[in-house]
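Dear colleague,

Please find the structure below, handed over for your records. My notes on what was found in it follow.

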Amino acid sequence: MTFFTQSPRQKRPLEGIHFQPVEVCFGDATQEFHIGLGAVAVPGNLAGVFHVQQQLGRLPLSVIAEPAIHFARQGIQLNWFQAYAFKLLEPILTASAAARQIYAPQGKLLQQGQTLLMQDFADTLAYLAAEGLAVFYQGEIAHRLVQDCQDQGGHLSLDDLRNYSVLERQPLSLSYRNRTLLTNPPPSARGAINYLCIEAPVHR
């Protein structure tokens, strides 16, 4: 099952597109990323979560989303690794006023031991759990996202969002030392961190 992002169907002229490079330092290597509304593709994660819940879930989405809504609203205390990851991604997390409001609310990037609050995200999750997926891909959220893209230099259209679909594919499978390794099939290209290991019975 795949629910990756999909590229917008139509490209606007480059003039006026909000698409800017940022460099992220990983210690001994630096990688260039591109951010801005011009870098936004059609989101697939929400459609995937709803699809999996409908196919395999036993609990309603409102119940499944409760812990995420709680911690987004009440906040979580950053551990050392989360703070380290934030530091790596600082050029991205502080690139806009909206991002700084979340990740650097006091004017400085959040540090280990400080609390990350995501009130708007909590409200959005609660809204989606109550109203369903259509509000994101066809309803109010879709219209607001597309309007932002049109006004501020993005490519997304309502057709892009309405036509998004989750695809079910057979994973690639490899047996290795009494284990079965599963990974994403083409056209996806993923590394070793995306392997799922299933233990096979050992015959003695």
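Helices (H or I, at least four residues) and strands (E, at least two) are DSSP runs, numbered from the N terminus, and two strands pair if DSSP finds at least two bridges between them. This is a predicted model, in which local features need pLDDT of at least 70, side-chain atom pairs count only at pLDDT 80 or more, and totals for chains, interfaces and linings use all residues. Residues are numbered from 1 along each chain as its sequence is written, and side-chain values use heavy atoms, with hydrogens and water left out.

The hairpin of E5 and E6 has 2 residues between the strands, and arginine 177 takes a positive phi near 50 degrees there. Strand E5 covers residues 172–176 and strand E6 residues 179–183; their pairing is antiparallel, over 5 bridges. Leucine 174 has leucine 181 in E6 as its bridge partner.

Leucine 172 also belongs to strand E5. Its C-alpha atom is separated by 5.3 Å from that of threonine 183, 11 residues apart along the chain. Beyond its neighbours within four places in sequence, leucine 172 is in contact (heavy atoms within 4.5 Å) with residues including Leu181, Thr183 and Pro185. Leucine 172 is partly exposed, at a relative accessible area of 42%; buried means under 20%, exposed over 50%, and partly exposed in between (1.4 Å probe, protein chains only).

Isoleucine 64 lies in helix H2, residues 61–64, and is likewise partly exposed, with a relative accessible area of 41%.

Yours sincerely
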